[in-house]
Amino acid sequence: MSCSVLDEQQFRQGCQLLLQRSDQLGDGWSWEAVQGSEEGYLRKTARRSVPSDWGPLHDQEGFSFHPQTLCDSTGHEKEEQDPAASTGSDFLSAEEQDDGSYTVTDSSSRVVQYEYHILFSCSYGAPVLYFRAFTLEGKSLALEEMWSTIHPNYRLRLQNCPLSAISQQEHPLLGQPFFFLHPCRTEEFMGLVLQAVQDQGRPVNYVLSWLSVVGPVVGLDVPLQYCTPLHSAVSLNSTKPD
Amino acid sequence: MADDKDVLRDVWFGRIPTCFTLNPDEVTEREAEAYYLLLPRVSYLPVVTDKVKKHFLKVMRPEDVEEMWFEYEGTPLKWHYPIGVLFDLHASNTVLPWNITVHFKNFPDQDLLHCPSNSIVEAHFMSSIKEADSLKHKSQVVNDMQKKDHKQLWMGLQNDKFDQFWAMNRKLMEYPTEDGGFRYIPFRIYQTLSDRPFIQKLFRPVSPDCNAHTLGDLLKEMYPDALTNDGEQKRYQVLIHGIEPLLETPLQWLSEHLSHPDNFLHICVVPVPTD
């Protein structure tokens with residue numbers, strides 16, 4: 001039996017561990033149960049500021065700008081910038097220079113509200129990431145707009161591997177359109193991750209490891225604090241070192 | 001007894017007489033006539049409605065035309081479900097033809113996936129086939145196929161070519177004799193009155209003591225309410241391709257013969273009509 005395939009119970013255990021850590025760190029994950037059963041999924045919302053001029057798929061020359069990840073909707077310790085400022089004049093964006101490099105300047109950019117769900121696929125024995133995004137006015141982002149919020153470096157990688165590409169899919173529990181990352185390659189890359197970790201004899205949370213690989217592609221950061229030992233739990237936004 | 005192969009043909013060539021009417025709120029230059037079509041149960045709406053689109057575009061100005069979508073009695077129809085499933089789920093006990101309303105504006109993007117081209121339908125179809133094979137064969141058969149073989153499955157469906165499709169699909173229906181069946185059965189159970197779009201879980205075709213699981217066994221495990229207990233009145237119909245198979249039918253046989261081209265058994269549980 002391949003160790004890189006998960007069963008539903010292991011998935012739930014991984015989620016619970018992730019949830020405990022998230023609670024300590026104030027990272028905003030919650031468990032949504034399906035009525036009257038043990039089945040459910042992890043859910044999180046977050047806001048990101050995305051440069052308005054990251055542009056369409058083919059503009060990719062020497063990028064150095066990284067999006068600001070603001071704190072989530074649970075209201076924990078907000079960062080200096082107020083996420084509600086939708087006009088975006090407080091946010092930074094990138095402008096292309098003549099030599100193809102980018103400089104960061106003050107100009108408007110978009111604030112996008114993301115919703116992330118982690119479900120279990122029994123067909124593939126793996127977690128699957130479903131997500132959708134809205135403008136602050138509540139208008140949902142279409143596929144092309146979603147692509148334009150993804151860092152150009154990740155776009156190249158996704159383009160080269162169509163099976164990992166982002167596509168629209170019906171949420172298996174809610175029935176609404178979401179975007180998702182296809183899980184058919186998960187066993188492949190998780191096999192490599194698990195092998196490396198198990199060679200070192202360390203315990204591993206499959207769900208957390210998986211999330212740290214796929215999350216950043218769609219703007220979902222998984223802070224390193226998730227991996228620090230439990231007794232030294234530090235809030236994500238605290239300035240005190242561990 | 002009918003040959004099992006005949007069942008495959010009957011399934012493939014199932015049709016639903018449908019009447020397409022333009023949504024009265026669409027802006028038209030003159031009145032639009034209804035359009036009649038026999039829809040293949042096993043195909044998908046975007047693949048077989050080019051003529052419907054052309055017909056209605058004749059009475060509309062280009063600037064009033066956005067993404068086409070379909071609705072039945074107020075319910076947007078999910079194009080990524082096989083046509084037969086949509087009919088069985090929403091209109092199985094109504095008088096034919098099936099009356100579908102055509103829309104060209106106000107696309108309900110909270111309910112429906114976008115479908116800008118047939119390549120999106122192809123991607124969904126192939127994704128289902130791969131998922132089904134992951135359940136049946138740990139993806140070994142589908143991964144051993146070449147890209148042109150995958151293409152043959154899609155083209156067979158798109159062009160309504162039974163022989164072309166099954167020349168390739170038969171490989172996905174094989175299994176080691178000693179196993180007695182697939183690893184798990186790809187199925188989805190649809191209910192009418194649930195938030196949850198469908199039930200899909202792991203289920204083996206053969207029990208640990210080597211007995212063949214039946215349709216009844218599947219329902220007992222996944223959706224016991226669908227079954228009628230002794231002395232009770234029947235509340236639900238369990239439909240596959242518009243018929244009610246006997247609950248004693250072996251699940252492995254159903255999977256091999258009554259699956260859709262996407263290799264899934266799509267099972268609709270609908271309330272018994274009360275008239």
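Q: Which side chain does B:R9 meet in a salt bridge?

A: The general idea is that side chains of opposite charge can pair when their charged atoms come close. In this predicted model, the side chain of B:R9 meets that of B:D163 in a salt bridge, with an N to O distance of 3.4 Å. B:R9 belongs to helix 1 (residues 4-12) of chain B and B:D163 to helix 8 (residues 162-172) of chain B, so the pair ties together parts that are 154 residues apart in sequence. With a relative accessible area of 37%, B:R9 is partly exposed, whereas B:D163, at 54%, counts as exposed.

Q: Are the side chains of B:K148 and B:D149 buried or exposed?

A: Here the two partners have to be read separately. B:K148 is exposed, its relative accessible area being 57%, while B:D149 counts as buried at 8% relative accessibility. The side chains of these residues, B:K148 and B:D149, meet in a salt bridge at 3.6 Å, N to O.

Q: Which residues are linked with A:R12 in a network of salt bridges?

A: The network links A:E8, A:R12 and A:E38. Within it, A:E38 forms a salt bridge with A:R12, where the closest N and O atoms are 3.2 Å apart. This pair links distant parts of the chain, since A:E38 sits in the loop between strand 1 (30-33) and strand 2 (40-50) of chain A and A:R12 in helix 1 (residues 8-25) of chain A, 26 residues apart. A:E38 counts as exposed at 59% relative accessibility, but A:R12 is buried, with a relative accessible area of 19%. Over all chains, a search of the whole structure finds 20 salt bridges.

Q: How many salt bridges are there between chain A and chain B, and how many residues of each chain are in contact?

A: The count between chain A and chain B is three salt bridges; B:R196, for instance, forms a salt bridge with A:E39, with the closest N and O atoms 2.8 Å apart. Across this interface the rule also finds 12 residue pairs in polar contact. On the side of chain A that touches chain B, the largest share, three residues, comes from strand 8 (residues 166-170) of chain A, and the residues of that side divide into eight nonpolar, eight polar and three charged. In terms of contacts, 19 residues of chain A meet 22 residues of chain B. The area buried between the two chains is about 1800 Å², with carbon and sulfur atoms giving 46% of it. In chain A, the residues that lose the most area to chain B are A:S123, A:Q168 and A:E170, together 31% of what that side buries.

Q: Which backbone oxygen does the side chain of B:H55 reach?

A: The side chain of B:H55 reaches the backbone oxygen of B:E33 at 2.7 Å. B:H55 lies in helix 3 (residues 50-57) of chain B and, at 15% relative accessibility, counts as buried. Leaving aside neighbours within four places in sequence, B:H55 is in contact with B:E33, B:A34 and B:Y35.

Technical notes
Residues are numbered from 1 along each chain as its sequence is written. Chains are lettered from A and ligands numbered from 1 in the order in which they are written. This is a predicted model: local features need pLDDT of at least 70, side-chain atom pairs count only at pLDDT 80 or more; totals for chains, interfaces and linings use all residues. Side-chain values use heavy atoms; hydrogens and water are left out. Contact means heavy atoms within 4.5 Å. Buried area is the accessible area (1.4 Å probe) that two parts lose on being put together, summed over both. A salt bridge is a side-chain nitrogen of Lys or Arg within 4 Å of a carboxyl oxygen of Asp or Glu. A polar contact is a pair of N or O atoms within 3.5 Å; within protein, one must be able to donate a hydrogen and the other to accept it, and residues adjacent in sequence count only if both atoms are side-chain atoms. Helices (H or I, at least four residues) and strands (E, at least two) are DSSP runs, numbered from the N terminus. Ala, Val, Leu, Ile, Met, Phe, Trp, Tyr, Cys and Pro count as nonpolar, Asp, Glu, Lys and Arg as charged, and the others, Gly among them, as polar. Buried means under 20% relative accessible area, exposed over 50%, partly exposed in between (1.4 Å probe, protein chains only).
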